[in-house]
Amino acid sequence: MKTVGFRSIVLYILLAVFIGGVGYLVANMFLHGRQWVMQPYNAHLSGQMGDIKDRDGNLLATSQDGGRVYSENDTVRRALLHTIGDTAGFIGTGVQSVMGDKLTGYNFITGLNDTVFSRMGSGLTLTVSQDACTAAYNAMAGRNGAAILYNYENGDILCKVSAPTFDPAFVPEDIETNDAYKGAYLDKSLSASFTPGSIFKIITAAAAMEKWPDSWSERTYECWGAENIGGSDITCLHGEAHGSQDMFAAMGNSCNIYFAHLANDIGGGALQKKAEEMGFNQSFDFNGVNVTKSTLDLTGANANQIGWAAVGQYTVLANPYHMMVLMGAVAKGGSYTQPRLTEGGDIFSGLAASGDRKLMSAETARQLKTLLRGDVENYYGDWMFPQGMAVCAKTGTGEVGEGKAPNCWMVGFCDSTQYPYAFAVVVEEGEGGIETAGVLVSAMLQALA
């Protein structure tokens, strides 16, 4: 009897393990089945995907004769490569990978079978504008980088471009060996971070506003073009001496000396805390994709390092998507609307609308808006942008060393009910914030005007 009892216990254990294993498999199929289906080794499924169109009805991708066919325009194909994805599935952040289940009609119950419940080859209409994307791509003028712009009221992504890129209809034979295509499978708007340079002064300014809410605008520092702070020089661009600066002048002149002094008076710990409240070292999700974090680490930093961090150097790295939603939060009074690439969606596609995410107080947002609007009105010039957009922006040149030209940034938004756009642009090895990134922003906005 003892033997029978022991065998029964063993059988019950084995049955429990079996049921648990089946349950685990079913749960994972339910949660991850759509990703499994769209792995690169199932590339043949791309031939049964539905159409992908832009917001204006322009055909971006379709299936013909069991294969995937893209826009007739080669510039459109290159500009939208990282948004649409490639046929082989190497660009894992593209719509054809992330939303492949919708495009193929995959269903947890019916799989890839064509039924009344799930239609094979379902189409998608994206929020992006083909014209804005091609304008941004052309304005990059062959350089690498990223541009991303969205409607900060409803969340629609209107432009998303990454470079280097390639033509998905004619994949280069040397794509794996030619340095010109290094990183071509990476969507830099989502999955990369860059030295930000002076756009980080927005965060430093916000930290000052919190520390001295009633007197931040009255603080002044002298700039002689270069100054020894913490044992080594902090320098302004081209060694330009700006003289006595308050916050408004220092932001417009992009004065490194001012912000280095300001950050040390704020304190490294307080600057780190404010940066993290505004999204640094935090995770963001877009369309089911984990966005690369913007990062900052001031642990043990001395006065010189804090000074350089305050102007977007030292350990600071920024992600374009994060900077875009941060600008959306400034425009909207402290919280941003979750970006989206299609209308509607459900929790399984990663498109469900989440509540607005707060990155700063309403008062800080209001004050930053005033600063950034002053940059354009008094330093960059409204003539750069379409009339009536009331652009608020900050440029940056992130020094990267190794004999390379800087990362050139412009981040900002339109303070306009007609054009509620927030954007972030970074161009690698550019000529300057205005000369390179500003031209790109202007091209995007002209296309959307």
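A: In this predicted model, Arg373 and Asp382 form a salt bridge, with 2.9 Å between the closest N and O atoms. Arg373 has a relative accessible area of 17%, so Arg373 counts as buried, the limit being under 20%. Asp382, its partner in the bridge, is partly exposed, at 35%. As a general point, side chains of opposite charge can pair when their charged atoms come close.

The pair Arg373 and Asp382 belongs to a set, as the structure holds 14 salt bridges. Another of them joins Asp265 to Arg219, and here the closest N and O atoms are 3.2 Å apart. Asp265 sits in helix 9 (residues 256-266), while Arg219 sits in the loop between helix 7 (201-211) and strand 7 (221-223), so this bridge ties together parts that are 46 residues apart in sequence. Asp265 is partly exposed, with a relative accessible area of 37%. Arg219 is also partly exposed, at 23%.

Lys274 counts as buried, because its relative accessibility is 4% and the limit for buried is under 20%. Glu277 is partly exposed, with a relative accessible area of 29%. Lys274 and Glu277 also take part in a network of salt bridges, together with Glu210 and Lys273.

The largest pocket has a volume of about 610 Å³. Helix 13 (362-380) is one of the elements that give two or more residues to its lining, and strand 15 gives the most, with four residues. In total, 29 residues line this pocket, and those nearest its centre are Ser198, Leu237, His238, Ser254 and Thr397. Six of the lining residues are charged, 15 are polar and eight are nonpolar. The second largest cavity has about 70 Å³ of space, and its lining has one charged residue, two polar and seven nonpolar.

Definitions and conventions:
Residues numbered from 1 in each chain as written. Predicted model: local features only at pLDDT ≥ 70, side-chain atom pairs only at ≥ 80, totals over all residues. Heavy atoms only, no water. 1 Å grid on protein atoms, 1.4 Å probe; cavity = no way out; pocket = protein on both sides within 12 Å on 5 of 7 lines; lining within 4 Å. Points joined across faces, edges and corners; volume = space filled by probe spheres on them. Nonpolar A, V, L, I, M, F, W, Y, C, P; charged D, E, K, R; others polar. Salt bridge = Lys/Arg side-chain N within 4 Å of Asp/Glu carboxyl O. Buried < 20%, exposed > 50% of the residue type's maximum accessible area, 1.4 Å probe, protein only.
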